[in-house]
Amino acid sequence: MNGALLIGAVVAVLAVVLVALPFIREPATADDRLAEPGDRGKRTLELSEQRDRALAALKELEFDHRTGKISNEDYRELLGGYRRRAASALRALE
Amino acid sequence: MAELGRAALIVSLGLALYAALAGFWAARNRRRRLADSAGNALLAALGATAVASAVLLSALVRHDFSFTYVASHTSTQLPLGYSISAFWGGQEGSLLLWLLVLTAYGAAAVLLNRRSAPDLVAWTVPVLGAIAAFFAFLLVAVASPFATQTAPAQGAGLNPSLQNPYMLAHPPLLYLGYVGLTVPFAFGMGALLARRTDERWLVATRRWTLFAWTALGVGQLLGAHWAYVEVGWGGYYAWDPVENAALMPWLAATAFLHSVMIQEKRGMLKVWNMLLVILAFGLSLFGTFLTRSGVVNSIHSFTQSSIGPWFLGFICVVVAASLALVFWRLPLLRSKTRLESLVSREATFLYNNLLLVAFCLTILWGVAFPILSELVKGESSTVGRPYYDFFLRTFGLPLLLLMGIGPLVAWRRASLRSLGRTFLWPAGVAVAVGVLLVALGAGSSSPGLIAYTFSAFVLGSIVLEFVRGTRAAGSITQLVSRNRRRYGGYVVHAAIVLLAIGIAGSSAYGSSSSRKLHPGQSMRVGSYSLVYRSLSHVRGPNDLEVRATMDVYHGRKLLGRVYPGKNSYFAEQQVSSEMAIRTDWLRAEDLDVITDQIDPNGTIYFKALVKPLVNFIWLAGVVFFFGSVITLWPDAREERRLASRYALPAEA
């Protein structure tokens with residue numbers, strides 16, 4: 001019973017310490033704001049996703065063409081569009 | 001010790017509430033330290049829940065009958081393994097397991113993502129905290145595993161059908177699956193609350209979803225095998241409400257895993273993906289509600305309890321709140337791209353999604369129908385096997401076909417000429433297999449014939465994909481390591497084909513026979529003859545085992561002996577049927593013998609079944625697991641790319 005109480009007390013104390021840890025480590029701080037992307041950051045993120053999507057699509061197109069899933073005509077037609085998309089995302093990121 | 005368990009659960013409840021409330025306040029007011037503190041509360045809740053779980057486990061192993069739960073689910077005669085599995089054999093223990101797995105998942109998800117996506121995690125923590133608080137509240141106030149009593153001399157024991165090695169793995173795996181679906185749900189809701197509708201939440205939860213989906217899939221197949229070898233009726237899936245309860249979230253998660261690829265590759269279906277995570281999580285809660293509330297009759301519902309209304313209320317709140325959130329954020333979720341062609345990879349994924357969700361909802365209707373009919377008419381009406389079998393054929397066969405079509409079609413659009421070229425071989429294989437099967441006499445079952453023909457088409461397309469891909473990549477190792485998700489996915493597709501072959505073979509081409517036999521008499525089933533020789537009684541560690549000895553003949557050739565019978569459990573005062581299974585690997589079929597009734601004079605009512613290809617179902621489980629491991633295997637290059645993508649905005 002005493003042992004159980006002791007374990008219970010230790011668990012409760014450890015829990016309180018863990019929860020309070022961010023405040024124990026930094027009792028006073030000038031910057032307590034949560035890091036988050038601003039409008040510019042969100043736009044960068046969107047463009048990065050667009051760029052990655054276009055590059056992945058180019059890779060996929062290449063692979064599908066090599067494995068015969070896409071005809072030469074379709075490949076040539078799609079390739080230009082994908083390249084333009086990737087280039088435009090890359091330009092915007094710069 | 002019970003006091004320690006109770007105290008640990010109260011601490012866990014307090015911490016979960018803190019994570020929910022302080023986390024919400026911190027995220028809303030963008031307070032970094034408080035958000036970290038709320039995340040730490042989830043870690044601490046894991047610790048407190050682990051202490052409570054250790055207390056219960058210790059009581060179960062020590063057979064401490066002063067714990068009401070231990071006395072109700074174990075006895076001194078129960079072997080150690082089953083004393084441990086009694087942890088999840090009853091309602092209170094399984095709710096504790098839910099909380100333990102949930103806090104473990106939550107803590108791990110917070111630890112792995114809070115540096116790279118602090119704003120997303122800040123909103124995810126209160127969602128996880130609120131869900132954990134609900135389960136902790138149930139354990140503290142409604143269904144405590146730490147209720148005590150004056151210890152009786154002996155416990156009631158464990159339900160005999162749960163005394164099976166599969167019960168050591170099947171329920172925990174299902175719980176890993178059910179609870180694992182909380183993570184994508186919490187991150188999805190966190191992303192909506194944080195107004196982050198980019199793909200960060202998908203990246204954070206991709207592996208969690210795959211892991212939960214794998215656990216749910218393997219858990220269900222283990223459960224099917226348990227039903228086959230233990231429940232003693234000769235089947236493996238009975239469309240039981242609780243079995244369906246595990247299948248529905250798996251189907252929803254399968255749809256999500258496919259549609260999420262469209263969002264990643266084309267930036268489409270953002271609303272649909274949110275709805276799918278809500279559906280999958282809502283169904284995992286509904287599954288737990290069905291299993292634990294006793295609201296429907298099921299061989300898996302071992303208790304009637306008072307937690308039903310609490311669960312139902314919680315499900316309603318979760319679904320209503322999350323749908324309202326999606327509606328609120330609709331303007332942010334609109335896609336800028338559209339489907340270019342109805343003949344493209346993304347279109348086949350969309351058809352696959354529609355079929356999966358339609359199948360899932362028809363099962364949900366079948367499961368909910370008895371509850372609704374009782375509410376409306378005052379009497380419970382159930383839908384039977386024909387209802388489910390009809391929809392399995394209606395949605396399952398087209399889904400099977402789509403599994404073969406999808407990989408052969410290119411993204412965005414495909415021309416008829418290239419389609420003709422890629423379809424030639426798989427379609428040729430399918431037609432050849434269909435003709436061969438008809439010639440061999442398999443045309444007696446149209447659904448069976450269609451299933452096998454489609455299976456041949458899918459296997460043909462998978463083989464073709466691997467062959468062409470290997471040629472293009474240089475080697476199969478390079479091919480798979482460069483795109484683990486795609487080729488691991490194909491291995492999973494092969495597993496589904498094996499599953500379809502097993503289900504079609506055992507249900508469409510099986511045979512059965514029932515007869516009352518005296519010792520010395522015989523019966524026939526399929527191409528087998530069975531001769532009942534004698535009856536024996538053996539005392540086991542906690543039961544009396546009665547076994548019939550039967551000789552199995554094929555023509556005049558003696559193949560061997562089987563020993564079907566029944567076990568009478570002393571402490572539990574229950575009888576279980578112990579089916580005998582004889583596997584013929586050459587014919588790829590099982591002969592199952594069941595003793596329906598054993599008379600005192602030694603006369604037995606036997607039931608014998610021949611299940612062709614049933615072992616393909618278990619083989620499917622192994623292949624499914626292998627394919628899932630390939631898809632789950634970390635890809636360092638991909639992770640570096642994603643890390644650099646999401647590091648950018650923080651620095652910008």
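Q: Which residue in β9(B) does Ala580(B) stand opposite?
A: In this predicted model, strand β8 of chain B spans residues 580-584, and β9 of chain B covers residues 589-598. These two strands pair in the antiparallel sense over five bridges. Within β9(B), the residue that stands opposite Ala580(B) is Val593(B).

Q: Which strands stand at the edges of the open sheet of chain B, each with a single partner strand?
A: The sheet has four strands with antiparallel pairing, in the order β1-β10-β9-β8, and its neighbouring strands are turned by 15° against each other on average when direction is ignored. Because each edge strand has a single partner, one side of each is left without a neighbour in the sheet. The strands in that position are β1 (511-517) and β8 (580-584) of chain B.

Q: How many of the eleven residues of helix α7 of chain B are buried?
A: A residue counts as buried when 20 or more other C-beta atoms lie within 10 Å of its own. In helix α7 (residues 170-180) of chain B, the residues that pass this test include His170(B), Leu173(B), Tyr175(B) and Gly180(B). The helix is therefore described as mostly covered, on the criterion of C-beta atoms within 10 Å, and the number of its residues that are buried is ten.

Q: What is the radius of gyration of chain B?
A: Chain B has 21 helices and ten strands, and its C-alpha atoms fill a box of roughly 85 × 75 × 55 Å along the principal axes. For 652 residues the globule rule gives 26 Å, and the value for chain B is close to this, so the chain is as compact as a globular protein of that length. Its radius of gyration is 27 Å.

Q: Which element gives the largest share of the side of chain A that touches chain B?
A: In total, 43 residues of chain A are in contact with 46 residues of chain B. The elements giving two or more residues to this side of chain A are α1 (2-25), α2 (39-66) and α3 (72-93), and by class the side has 21 nonpolar, seven polar and 15 charged residues. The largest share, 16 residues, comes from α2(A).

Key. Residues numbered from 1 in each chain as written. Chains lettered and ligands numbered in written order. Predicted model: local features only at pLDDT ≥ 70, side-chain atom pairs only at ≥ 80, totals over all residues. Contact = placed C-beta atoms within 7 Å. Nonpolar A, V, L, I, M, F, W, Y, C, P; charged D, E, K, R; others polar. Rg over C-alpha atoms; globule rule 2.2 N^0.38 Å. Buried ≥ 20, exposed ≤ 12 C-beta atoms within 10 Å, placed from the backbone. Pairing = 2+ DSSP bridges. Axes fitted to C-alpha atoms, helices over the stretch in contact; angles between N-to-C directions.
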